[in-house]
Amino acid sequence: MPVPLALNKKPSAAADHTARTGTGKPDHSGAPVNSALSPAQKVELYRRMVRIRRFEERSLRAYQAKKIGGFLHLYIGQEAVAVGCCSLMGKDDHVITAYRDHGHAIAVGMELNPLMAELYGKATGCSKGKGGSMHFFDPTRNYWGGHGIVGGQVPLGVGLAYALKYKGLKGACMTFMGDGAVNQGVVHESYNLAALWELPVVFVIENNGYSMGTSQARSTAGELGKRAEAYDMAWGVCEGHDLYEVRASMAGFLELARAKSKPSIVEIRTYRYRGHSVADPDNTYRAKQEVEEYRRTKDPIQVFQNGLVAEKALDAALAERIDAEARAEADLAAEFAEASPFPDASDIQKDVYWEADNPSQRKSGGRLFFD
Amino acid sequence: MPSIQYREAIRQALAEELTNDPNVVVMGEEVAQFDGAYKVTEGLLEKFGPKRIVDTPISEAGFIGMGVGASMLGIRPVIELMFWSFYSVAFDQILNNAANIRYMSGGQIQCPIVIRGPANGGTNVGATHSHTPENVLASHPGVKVVVPATPYDAKGLLKSAIRDNDPVMFLENTLLYGDRGEVPAEEYLVPLGTADIKREGSDLTIVSYGRPVLQSLTAANLLQKEHNISAEIVDLRSIRPLDMDSVLASVRKTHRVLIVEEQKPFCGVGAQLAFMIQGEAFDELDAPVARLTNIDAPSIYSPPVEAEQLPNPQRILRAALGLLR
């Protein structure tokens, strides 16, 4: 697999794999990482995107019915990014992201029931109802959250990569952030540490165009990924509505991390259809037509469906069945969440200290809690 | 028993745990080639090599966050802050990530990290470098906070902290690094959350931690010699977990309590202690709980005046006499 080099003047995106089709659009289906997929595997990637979307739509209805509290940052429109990236994971690859984290959770293989239950604040949730929408975790699937503070997870991703290198494992940590995070100081500290110590991390900037309600043009000087050049890192840009392009681009950067322990920054251009969170009425900073235009021309699920239909990997009947199954699965997840118990008040002080939860192995004395 | 410096005691703890556990890594600013800004880590690079002893750039948020992330995958980072005063630039990493990650993940993720370094005033470095954040740190469930006063305690507590599966904040003191004390040659641990009676007495209890414990010992000797007053000194050693039983046992013995802390008075550890003592030993008290803290202002530079702003033996003596009046 070709490995992108640290380029100094232009992004090292998946140009190697880009062919032009008769329509003038780049076609990444022939990239080795994509042509290696069986039709069934492709359909599975499609299914995963559909499941994310139906889960999110169902969770929005639950929120509107006041079943879910707090924030709900929906990923709708960005599905090809998480699914494309996470589909490339090997057993020693890891993922960490920010608070728009439902898509990544499903993309790494988490079941919908514990995710929906977490949104409902139930004891059966993936974090036992203690984390909520922004704090999904599943270390058994190398998924490290789900983090609420913009940019705060980025050094943690560097730390995961540090641990991989320390242990001599040939894995990479995909450290996701939004376009708003690139202006946080700790992100730059993380870039420097990763480059200085040659850590196997791929910083993935999911650029949906808006840091909350502030457009990229109003928040950020220069190109997002180009900041890599200041740290002598490879970088790239790719279009996030095309799952094949995401995979073709990310495969090289992941391999750079795994094989050479070199970090990189990849800006993936994407778009969210919903507001920053459900609390965002989404009527002040962008035009409705802008959303509609993207949905009409670049919807990642539709684009991939069209591609699979053209490849004859998918037909309308199967697409319809996948959609119906995803809706049913999301509904069942909501029923599961609804039927699940809330945590007990006696659970509030569990999971705070390892020692408190493992009293037979406790070494310290004294009080840990101060009620 | 060998007599060694406080800094050597910490170094021994680091060296022993580096030897015991291949996942222990020491990192921080100037810890390796420079041998430590306060020479605590002197010689460790030579002994353990650059994989285990790591110089970091000046990026506290970055390398503490990195340590938290590495700890999630089983590394046990022991991170030096050149001054604990710099915690403020890494606050998000310590309090949102280290303190909360176990909770927010429903217990799935462990964070066995130690952050250590000096936290003290009295060195005429002004307000930015004289913070003592044990109260701020200890107010966050999820972290443990340790403040050793002697070489023996520093070594035993640090070894326990490194083996602990929860994040431990370890607050040392630049003015103690050169202090000597007896430390056994054989291996030992001091468990977190165990106070130590540094002096037995009968007329009042002084509860303290860190360097003010030593100042309280000086004051207690003066009280004995000049006023025939017998002070018992309870060294907390650990703020969270907190050995409240030892505090209460001493209160039941002396019935008068003076809390001494190098801290601003508002929302200090002493405020929490006083609240608990009145709540749990009200009938044992012959006087209101007294407290001696810093004079409530940012740390002043002026050397002779700073000594007066902080607890010192004369101020402790006056506070004790006031309590017994």
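Hi everyone, thanks for coming. Before we start, please keep in mind that this is a predicted model.

Let's begin with the sheet in chain A. Five strands make up an open sheet, and their order is β3-β4-β5-β9-β8, with parallel pairing. Which strands stand at the edges? They are β3, residues 94-96, and β8, residues 234-239, of chain A. Each has a single partner strand, so one side of each is left without a neighbour in the sheet. If you step from one strand to the next, the twist averages 20°.

Now let's stay with β8 of chain A. β8(A) pairs with β9(A), residues 264-269, in the parallel sense, and the pairing runs over six bridges. If you want a spot to look at on your screen, find Val237(A): its bridge partner in β9(A) is Glu267(A).

There is a helix here too. Helix α9 of chain A, residues 243-260, lies across β5 (201-207), β8 and β9 of chain A. Relative to β8(A), helix α9(A) runs at about 165°.

How many residues does each chain bring to the contact? Chain B gives 43 residues and chain A gives 41 residues. On the chain B side, α3 (60-72), α4 (91-98), α5 (101-104) and β12 (238-240) each supply at least two residues.

Terms used:
Residues numbered from 1 in each chain as written. Chains lettered and ligands numbered in written order. Predicted model: local features only at pLDDT ≥ 70, side-chain atom pairs only at ≥ 80, totals over all residues. Pairing = 2+ DSSP bridges. Helix = DSSP H or I, 4+ residues; strand = E, 2+ residues; numbered from the N terminus. Axes fitted to C-alpha atoms, helices over the stretch in contact; angles between N-to-C directions. Contact = placed C-beta atoms within 7 Å.
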